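Hi,

Here is the structure I said I'd hand over. Have a look, and then read on for what turned up.

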Amino acid sequence: KQSIQDNLAEQRARVQNTPGDADAHYRLGVVEGRAGDFANAIREVQRSIELRSNYGPAHSELAMLYYQRGDYATAWQEVKKAKDLDSTPSAGLVESLKRKMPEPK
């Protein structure tokens, strides 16, 4: 738990020092998600996409975050966006999503 808190502080400082860095927002979002703060995680990952519209891994991360929140329809939308950008979400996520909700056509 302390490691996550230390990592959060480090990533927040990076975002503060380089607010226009899509990678910094993405990394902060990933750590926020690991800490269980899905609202902030989603906000940071979305910000990374605003800064770099073709950021496929960010869409994969959003799919995972929405899945963890139980928003399966939005998770599927993010899976599609990630795939369209040649970024494949984890097979485990896709299989878990399929068990919760069929893949939209």
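Ser60 is buried, at a relative accessible area of 14% (buried means under 20%, exposed over 50%, partly exposed in between, with a 1.4 Å probe and protein chains only). Bear in mind that this is a predicted model, where local features need pLDDT of at least 70, side-chain atom pairs count only at pLDDT 80 or more, and totals for chains, interfaces and linings use all residues. Numbering starts from 1 along each chain as its sequence is written, and side-chain values use heavy atoms, leaving out hydrogens and water.

Ser60 sits in helix α4 (helices are DSSP runs of H or I, at least four residues, numbered from the N terminus). Its side chain makes a polar contact of 3.4 Å with that of Ser87 (a pair of N or O atoms within 3.5 Å, one able to donate a hydrogen and the other to accept it; residues adjacent in sequence count only if both atoms are side-chain atoms).

Over in helix α2 there's Glu32, which is buried too, with 4% relative accessibility.

Cheers

Notes:
Helices (H or I, at least four residues) and strands (E, at least two) are DSSP runs, numbered from the N terminus.
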